Structures are given as C-alpha cells and as structure tokens.
Amino acid sequence: MRLNIILGDQLNWNSLLWQDVDKATDIFWMAEVAQASLQPASNKNRTVIFLSAMRHFAKEIEKKAFDVIYYRITDGFNSFSEVLTHTFHQHDITEIRCVLPGDYLVMQEIEHVVKQHRLKIDWLEDKHFIAKRGEFGQWLKQRKKPTMEYWYRHLRESRHILMEQDKPAGGQWNFDKSNRQSFSKHGPDPIKENPNYSVDDITQDVIDIVEKHFSQLPGKLDTFNWPVTRRQALIQLRHFIDHYLPSFGDYQDAMWTDQPFLYHARLSSSLNLKLLDPLEVIAAAEEAYQKNKAPLNAVEGFIRQILGWREYVRGLYWAYRKDWLQFNALNAKRDLPAFYWTADTDMHCLHQALKQVIDYGYGHHIQRLMVTGLFALLWQVDPKHIHQWYLGMYVDAVSWVEVPNTLGMSQYADGGIVGSKPYIASGAYINRMSNYCQHCPFDPKQASGDKACPFTTLYWYFIDQHNDLISHNPRLAMQAKNWEKKSHTEQHVIRERATWLFQHIDKKHKDT
Ligand SMILES: Cc1cc2nc3c(=O)[nH]c(=O)nc-3n(C[C@H](O)[C@H](O)[C@H](O)COP(=O)(O)OP(=O)(O)OC[C@H]3O[C@@H](n4cnc5c(N)ncnc54)[C@H](O)[C@@H]3O)c2cc1C
Ligand code: SF4
C-alpha cells in the first residue's frame with residue numbers, strides 16, 4: 001500500500017498528492033497530534049481551526065471514496081513519530097508520499113521515523129506556492145543581499161501580475177508611501193461586519209474536545225468565527241474584496257482601540273491551511289482594480305503582502321532552515337513578560353494587542369511588528385521564547401511564515417537577513433498610528449519619570465545598549481545621533497528608569 005500523508009496545513013485538492021492516485025493501492029493519512037497544541041502552548045482558536053478544518057477535509061476525502069486513515073486527538077498520540085509508528089505496525093506500507101511540510105522540524109521527524117522502519121519517503125513539491133521549487137534559491141544566488149522588493153518585482157514581471165504591457169500598473173512598483181495613514185480623531189467610519197460562520201457539528205465537537213482536554217491553554221472559544229472549509233474561505237475572500245480592500249491600503253498600518261481587524265483580510269489562516277490558493281486571492285484583488293472597485297494603492301499594497309512578503313519569507317525560511325532557531329544577533333536573554341499570556345498590563349497598546357490575540361488568535365501586521373514584537377525586542381526577550389509565543393498564539397501560525405517574521409523582521413535575531421535594520425521606535429510611533437495612548441496612564445513623549453512610556457524609555461535604552469550597531473546603520477544613524485545629543489543627566493535618568501522597569505514591570509505577575 002502507498003501511504004499519502006496529509007499534514008494539517010495541506011488541505012488543498014490541487015496538491016501533487018492527488019495526481020496518479022490508484023484507489024486500489026493508495027491510502028490517505030491524517031493525524032491530530034497533541035504535541036502540535038502543547039509545544040508550544042497554543043491558543044485554543046488555533047487548535048480548533050486546525051482540527052476542524054482537517055476533519056472537514058477528511059470528510060470530503062471520504063465522500064470522494066478514497067480510503068483515509070484518520071487519527072483523532074483523543075486517540076492519545078502525542079507526536080507524528082508515535083502515530084506513524086502505529087500505522088506502520090497496523091498496515092502493510094511499502095511506499096510513502098507527502099508534500100513538503102511547512103516546518104523543517106516536522107520534516108526531520110517524519111524522515112527519522114520512516115528511516116527507522118526501513119521505508120523511504122517521496123517529498124513532493126508544494127504547488128500551493130507561486131515560486132517554483134529552487135526558484136528562490138536561484139534568485140538568492142544572484143544577489144549580494146536579498147531584498148523583498150526585488151523578489152516581488154521578479155514575481156510580478158515573470159507572472160505578469162498587475163502589469164500594463166511590461167510596466168507596473170500606474171507606472172510605479174510600490175505605493176507604500178500612500179499606505180501609512182492613521183485615522184482622524186473620530187476613528188474609522190463604521191466597518192461592515194464580517195460574515196458569521198456558524199459552528200456546525202464538526203466544529204462544535206472540536207470545541208468541546210479542546211475545552212475538555214486543553215482547558216489550560218489560552219484563548220476564548222465563545223467568539224470563534226474563522227473559516228474552516230474552502231467554501232467559507234471563499235466567502236471571506238469575497239467579503240474582503242467587496243468591503244475592506246478599498247480602504248485596506250490607506251489604513252494598512254493604522255490601529256484603533258477595540259477594533260481588532262479594521263480593513264484587514266483575515267485570510268492568512270485560510271491561505272496557510274491551503275484552503276485558498278494565493279494566485280486566486282491575487283486575481284480577485286487585481287480584478288477589483290480593473291473594474292474600478294478598489295484603488296491601486298490598496299490593490300498593490302495587498303498583492304505585495306502575498307506575492308512579495310509571503311513568498312519571500314517562505315524562501316528565506318528554507319534557505320536558513322537549520323539556522324533560524326540558533327540566531328540571536330542581539331544576544332537577548334530575558335524571559336517573556338507574563339502578561340503576554342494574560343493581557344494584564346497597564347500599557348494600553350499592549351493590553352489591546354494582547355487581548356485580541358488571546359480572544360481571537362489574531363493581530364494585524366503592525367500590531368505584531370510594532371506593539372507585541374517591538375516590546376519584546378526592546379525588553380530583550382530571548383528570541384526562542386518570543387518565537388514560541390508567536391507560533392502558539394496566532395491562528396495563522398506555521399513555522400515557514402512565523403519564524404522569519406518573528407526572528408528576522410521583528411526581533412533582528414538574524415542580524416539583518418529579512419530586514420536591513422531592527423524595527424525600533426518609541427511610543428511616538430504608536431501614538432501616531434493609533435488612539436491607544438489616549439487611554440493609557442503613560443505618556444509617549446516622556447522617557448523618564450513615573451509617567452514615562454515604557455516603549456519610549458526602552459527605545460532610548462536600546463539605542464544606548466546597541467550604539468555600535470545603530471550608529472553604523474545608515475537607516476538608523478540619525479537615531480544614535482539624537483541619543484548622543486541628550487545631556488548626560490537626561491541619559492542617566494533614562495538608564496535609571498529602564499533599570500527600574502526591568503525590575504518592576506512584570507513583578508506583580510511573578511508575585512501572584
Ligand atoms: C512577528 C510577526 C509574526 C508573524 N507571524 C505570522 C504567521 O505566523 N502567519 C502568517 O500568516 N503571517 C504572520 N505574520 C505576517 C502578518 O502579520 C499576517 O500574515 C497578517 O497579519 C494576517 O492577517 P490578515 O490575513 O488579515 O492579513 P492582511 O493584513 O489583510 O494581509 C493580507 C495577506 O498578506 C499575507 N502577509 C501579510 N504580511 C505578511 C508577512 N509579513 N509575511 C507573510 N505573509 C504576509 C498574509 O497571507 C495575509 O493574509 C507575522 C508578522 C509578524 C511581524
Ligand atoms: S503611552 Fe506608551 S504604553 Fe501607553 S499606549 Fe502609548 S505607546 Fe503604549
């Protein structure tokens with residue numbers, strides 16, 4: 001028998017696994033393993049999304065009259081090694097196929113157990129992605145330094161996406177400058193509600209299991225509303241294109257109190273589970289531009305996230321697959337503050353960004369990069385700890401995309417592979433892009449004193465601590481100069497305030 005392994009984020013019918021299938025000898029295999037929810041500790045929303053989507057997909061496989069072996073989380077298998085070993089003992093397997101996983105460690109684990117049983121596995125190319133196998137590696141070889149912008153242009157030109165003849169639509173590759181608006185003091189206009197995905201029996205069953213067996217995990221399930229089937233994912237796509245895309249570009253970086261989603265797509269989990277194909281998502285956005293239903297800055301900005309960033313981080317994940325978890329360029333060693341698991345902090349921006357992650361498993365890009373990520377960077381959290389948190393807490397988290405975003409873009413643990421500088425900012429940035437500071441006991445302008453914004457204090461402290469790196473980086477040198485311009489007394493009180501923060505900020509949680 002030939003065993004066809006389908007991992008939890010490989011729920012697409014156009015994968016190579018479905019080619020050359022012989023119903024007499026091919027058997028499909030899916031497994032829910034506890035390790036995926038517990039290491040790292042996962043948000044309940046993330047576990048429900050994965051298990052429910054897997055069960056819906058397995059049902060479709062059965063409907064098409066293919067044989068499927070399906071292990072449920074309650075069957076008690078903790079890891080892929082355990083459950084595969086069980087399968088090898090129960091069935092006469094002679095061949096194994098699997099599409100390339102999104103996690104190098106999972107790939108290693110499967111390879112190891114397969115070898116132990118003197119079998120071989122055929123890794124198939126993942127057709128979900130736009131770049132072909134080896135294409136990123138080839139591109140990388142030709143460049144001194146990988147820059148997302150040029151990778152994006154390469155894919156746009158070669159796939160003829162958002163192009164007019166051989167020129168970028170609108171005569172410009174990038175409309176990023178128009179995509180950094182904040183809201184007026186009145187905040188966003190009323191935003192069309194998202195579709196409601198009613199919880200069917202399959203999802204309810206999973207919710208009950210998670211509440212019963214994983215009650216210790218963070219996350220709230222009474223508001224669970226994520227697509228778990230391709231049909232629901234297509235509804236989400238259409239809703240985004242019709243109602244949110246027109247404003248997506250302008251307010252891509254904006255944040256607002258009690259508005260967790262704003263004009264963002266909420267498509268990442270569906271894309272990463274492979275319920276949606278990135279090219280169909282891009283085509284829908286491009287069509288909206290061609291039909292004058294969305295402006296170019298929004299459409300280009302959105303397409304850049306998927307065609308550019310998504311394909312770029314995947315390429316970099318595999319290029320440095322063995323190294324990522326060893327990276328710690330800034331030698332950061334501190335623990336993650338306990339409030340990352342509870343949202344119990346007076347810092348309003350962090351409270352908002354963390355609470356919505358716990359409640360929905362969601363944060364948009366700027367919340368991840370410039371609130372939760374920025375604080376962890378300034379707090380000097382060990383990159384492995386913050387990586388585990390991001391991997392567990394978001395509904396869309398899978399290693400190939402989470403790792404380079406967290407360890408690279410957000411924490412600069414890679415020393416500048418993903419981005420050319422650490423993304424540092426003071427509370428002034430958060431104040432400019434949101435109304436969070438208006439609800440906060442701290443003052444983003446102050447770096448010392450009782451009302452000092454911790455972001456602002458730690459921002460200057462970071463510049464002080466990493467002066468060599470910052471002053472030699474052309475994009476940050478000005479910030480180092482600004483620090484040097486401060487008087488010795490001012491520098492001294494900022495250092496003192498930072499030391500006080502390190503001793504006190506997380507204390508109440510450690511004491512309890
Ligand atoms: C520290 C950190 C960790 C992140 N971890 C993940 C993760 O585990 N999984 C994940 O899918 N994204 C991750 N991202 C990228 C991004 O924040 C999310 O893709 C996005 O917020 C998802 O929400 P959305 O679907 O509403 O996206 P939108 O803001 O509406 O964007 C549209 C789509 O573009 C893609 N996209 C946007 N930015 C990126 C990016 N930087 N890298 C890859 N794809 C991108 C996503 O598929 C997303 O659905 C991370 C970013 C940071 C800074
Ligand atoms: S003052 Fe500082 S801590 Fe408070 S919301 Fe603004 S940036 Fe966040």
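A polar contact is a pair of N or O atoms within 3.5 Å; within protein, one must be able to donate a hydrogen and the other to accept it, and residues adjacent in sequence count only if both atoms are side-chain atoms. With that noted, I looked up Gly-363: a backbone N or O atom of this residue lies 3.5 Å from an oxygen atom of ligand 1.

The model is predicted, local features need pLDDT of at least 70, side-chain atom pairs count only at pLDDT 80 or more, and totals for chains, interfaces and linings use all residues. Residues are numbered from 1 along each chain as its sequence is written, chains are lettered from A and ligands numbered from 1 in the order in which they are written, and side-chain values use heavy atoms, with hydrogens and water left out.

I stayed with ligand 1. I found 30 residues around it (a heavy atom within 4 Å). The closest are His-264, Ala-265, Arg-266, Asn-272 and Tyr-362. For Ala-265, a backbone N or O atom is 2.8 Å from a ligand 1 oxygen. For Arg-368, I noted a side-chain N or O atom 3.4 Å from an oxygen of ligand 1.

Next I looked up the domains. The assignment (automatic or from a database) lists domain 1 (2-124), domain 2 (135-319) and domain 3 (338-511). The C-alpha centres of domain 2 and domain 3 are 24 Å apart. In contact (heavy atoms within 4.5 Å) are 31 residues of domain 2 and 33 residues of domain 3.

I then checked for salt bridges (a side-chain nitrogen of Lys or Arg within 4 Å of a carboxyl oxygen of Asp or Glu). Between domain 2 and domain 3 the count is zero, whereas 13 residue pairs are in polar contact, both at pLDDT 80 or more.
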